[in-house]
Amino acid sequence: MRDYDEVTAFLGEWGPYQRLIFFLLSVSIFPNGFCGLSIVFVGDVPEHRCSVPGNLNLSEAWMNRTIPLVQGAELQHSKCSRYRLDVIMNLSETFPDPGFFNMSQIEQEPCLDGWEYSKEQYISTIVTEWDLVCNNDWKGPFSMSVFFLGVLVGTFIAGQLSDRFGRKAVWFGTMAVQTGFTMIQVFSPNWEIFCLLNFFVGIGQISNYVAAFVIGSEVLGKSVRVIYATLGVCISYAIGYMFLPLIAYFIRSWRMLLFTLSLPGLLYIPLWWFVPESPRWLLFKGRIQEAEAIIQHIAKKNGITPPAVLFSDLEKLTDLKLQNSIIIHLVKTSNIRAITIINFLVWMILSIEYYGLSLNTPNLNGDAYLNCFFSAAIEVPAYTAAWLLLQRFTRRFSLSGALFLGGGVLFFTQLVPSNLSVLTTTLVMVGKFVITSAFSIVYVYTAELYPTVVRNMGVGVSTMASRTGSVISPYFVYLGAYNELLPFILMGGLTILSAILVLFLPETINSPLLETIDQMQNIKW
């Protein structure tokens, strides 16, 4: 019995064909960056106030006093109430100048005639189109949560679909789902249909990402896989994210913005003829001749003469043997149970921080488009920093140190004076940098903590915890409507908690990958 990497070693690690596949798969993740976070602008809430009918025959002075002033961070007009218009009409006949009357004595009423929205930043968003404010303001974050609920479901089905139907078919099918449903969203007649379609966009987004990740891991050589996983797909995602504010700056209508963001998906159709099916999957399915044909094609493109026979019909490859394990094995002993619980919490908190910070950029002081761009651009050096940390320091120190730093920076934003808004934004960006690095590190660390018999299951459960955190994250942003620093205080505190939890995990650097549960290192009580 031979290992697949041993059989295909003659292909080399970094030939012309591997470089082409590395580039094409990485580029295919590009649309995920802007489609996944488009809700930052599509669902943003512009300044608004109650609408007052223009046919009331009120003087300009009285029209300007129909909306109560409320004290927030500064004195501003109420967004959800106005003075009773029938009372205002009667008073205007008695007092020509409202300055002679104490307005606080007038009873208030809700915005019975709808709202007026500022057009300074947006022509339209889903908030202005369907009045997702005041009593309906919960619908904004719920729209985001539905997308992440789709991501959670996609996490469950992506692996099963690609195992059954093939990596390539699922990769293209889910890219089509993401592109197609984003286009259909443009024609949403109401908020409910928009949310339903957003659910399917979420399924396509994560499934496409997972399928591309698996194809790259199975087609590329050992030395290239780590770079592909930490830099290739991640940086492509970050660059796509960077393009979101650039496109949104020029397209201020949510329908046209979504349509424009969906178009790049059509450019990936020709990739069907360039990216092969995974030879490992074909071998697993017993389609040996097809697998050999792909490997011979790779050899030809690399200018290498392949062996006459690669696999015999009766040969079973050692790395394709199925492991019989069930989820109960993740809590079988007190040791693996503690590791699983800590991993679950750390992944969930990390996801809350990452998406909470990404979705909160419009609420930061300064230009929303620049803030979003900086939040995206900071991810490129963050992924590079994660790769360097993994090369030079222990896993436990790298992850816990990053979480301590990120949590501390976010938690202490409350100490920054309100007139130093630039400093607050800078600290938030530092927090985003560190959290993004930690997210990249935790993938590697988790895979090394679990033995082979439960490794896929352990990473899968951790990913599920991450998606659960992303479903919750919009409501952390929602808290910013009450106090702009509250999301950062909560996220900072949770991140410091996760940093402490990581200290209990065993170290894995320079250790061989474990094969059985009995070989696992003990938790550090």
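1. Quick reminder on burial terms: buried means under 20% relative accessible area, exposed over 50%, and partly exposed in between (1.4 Å probe, protein chains only). On that scale R287 is partly exposed, with a relative accessible area of 35%, and E290 is partly exposed at 39%.

2. Before going on: this is a predicted model, where local features need pLDDT of at least 70, side-chain atom pairs count only at pLDDT 80 or more, and totals for chains, interfaces and linings use all residues. Residues are numbered from 1 along each chain as its sequence is written, and side-chain values use heavy atoms, with hydrogens and water left out.

3. E290 and R287 pair up in a salt bridge at 2.9 Å, N to O (a side-chain nitrogen of Lys or Arg within 4 Å of a carboxyl oxygen of Asp or Glu). The count by this rule is 7 salt bridges.

4. Another salt bridge joins the side chains of R82 and E109, again N to O, at 2.9 Å. R82 sits in strand β4 (residues 81-83) and E109 in strand β5, so the pair ties together parts 27 residues apart in sequence. (Strands are DSSP runs of E, at least two residues, numbered from the N terminus.) R82 and E109 are buried, and a network of salt bridges links R82, E109 and D113.

5. Have a look at Q108 too, in strand β5 (residues 108-110). Q108 is partly exposed, with a relative accessible area of 40%. Its side chain makes a polar contact with that of S81 at 3.0 Å (N or O atoms within 3.5 Å, one able to donate a hydrogen and the other to accept it; residues adjacent in sequence count only if both atoms are side-chain atoms).

Key: Helix = DSSP H or I, 4+ residues; strand = E, 2+ residues; numbered from the N terminus.
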